[in-house]
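Load the model and keep the selection panel open. The stops below go from the whole fold to single residues.

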Amino acid sequence: MKLLTANLFRVAALALLLILLFRTEWLSFLLTPLTKNNAPAVYTQSSLPLLALGHLQLVLISIVGSAVVAILGGVFVTRRSGADFLPLSRAIANAGQTFPPVAVLALAVPAMGFGAGPTLVALFLYGLLPIFENTISGLRQVSPAVLDAADGMGMNPTQRLFQVELPLALPLIIEGVKVATVINIGTATIGSTVAAKALGEVIIAGLISDNTAFILQGGLIVGLMALLIYDAVGLVESAMTRRMGLRTA
């Protein structure tokens, strides 16, 4: 019953997202009451599918970059040779999360110009902390008995890392990636303030024209994308961990 309910919710969320992207006019009867002075209820200044694609490209590129750096950093500081760098690494990751993205954009635009570049920098920094901390937690939760067994089998440190530690830490690492992805899907909307192609364009247009219908369209699309992508990554993670024998079917 729970599985059926979850699948129905997924189908409904996906259907609503597709309608908002490709057939928003079908919802105009719901959006029109949110407008003023006969303003348009449906955003048509740019292609919503193209804006969504640009939005997802920003998120994907930034998350890949954040994941590579954060996972490598998490592995490094959990080795004996890198343990002394943990406080500094954690401070850098925390700074990336706490420094306002708008401030990052303001600093990056003079150096990089308008467009996707400053947005990618902000999203990259924002995605570091969840992945970094979850990588550390995942590696530290590996049982010492398991590590001793790997040593007893003659594994060298590299083999132990890739064949034992990282596979066992994988669920927590992917959870960090999921959290960072959802954060960045929402945060990427600010990229439109510096001319990056993203769904923030719809929301900003609504704010400028005092059109709640536009704001709702942009907000719903971003929210549904975050929800569905979080769910999809969770399903992939469950399938991977079951296949590796880390979780029962």
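Start with a cartoon of the whole protein. This predicted model has 10 helices and zero strands. From the N terminus on, the order of elements is α-α-α-α-α-α-α-α-α-α.

**Stop 1: H3 against H8**

Select residues 48-77, helix H3, and residues 157-187, helix H8. At what angle do H3 and H8 pack? The angle is about 145 degrees, and the axes lie 10 Å apart. The crossing of these two helices, H3 and H8, is right-handed.

Now show side chains at the contact. On the H3 side, pick His55, Val59, Ser62, Ile63, Ile71 and Val75. On the H8 side, pick Leu161, Leu166, Ile173, Val177, Ala180, Thr181, Asn184 and Ile185. Colour the contact of H3 with H8 by residue class: 10 residues are nonpolar, four are polar and none is charged.

**Stop 2: the largest pocket**

How much space lies in the largest pocket? About 170 Å³.

Select the lining in this order:

- Leu56, Val59, Leu60, Ile63, Val64 and Ala67
- Val177, Thr181 and Ile185
- Ile229 and Val233

H3 gives the largest share of this lining, six residues. By class, the lining of the largest pocket divides into 10 nonpolar residues, one polar and no charged.

Some selections carry over from the previous stop. Val59 and Ile63 of H3 belong to the contact with H8 and also line the largest pocket. On H8, Val177, Thr181 and Ile185 are among the residues that meet H3, and these residues line the pocket too.

**Stop 3: an aromatic pair**

Clear the view and show aromatic rings. The whole structure holds two aromatic pairs. Zoom in on one of them, tyrosine 43 with phenylalanine 214. The ring centres of tyrosine 43 and phenylalanine 214 are 5.3 Å apart and the planes stand at 85 degrees, so this pair is edge-to-face.

Why does this pair tie together parts that are 171 residues apart in sequence? Because tyrosine 43 lies in the loop between helix H2 (28-31) and H3, while phenylalanine 214 lies in helix H10.

Key. Residues numbered from 1 in each chain as written. Predicted model: local features only at pLDDT ≥ 70, side-chain atom pairs only at ≥ 80, totals over all residues. Heavy atoms only, no water. Axes fitted to C-alpha atoms, helices over the stretch in contact; angles between N-to-C directions. Helix = DSSP H or I, 4+ residues; strand = E, 2+ residues; numbered from the N terminus. Left-handed = near helix turned anticlockwise from the far one by under 90°. Contact = heavy atoms within 4.5 Å. Nonpolar A, V, L, I, M, F, W, Y, C, P; charged D, E, K, R; others polar. 1 Å grid on protein atoms, 1.4 Å probe; cavity = no way out; pocket = protein on both sides within 12 Å on 5 of 7 lines; lining within 4 Å. Points joined across faces, edges and corners; volume = space filled by probe spheres on them. Phe/Tyr/Trp six-rings, centres within 6.5 Å; stacked < 30°, edge-to-face > 60°.
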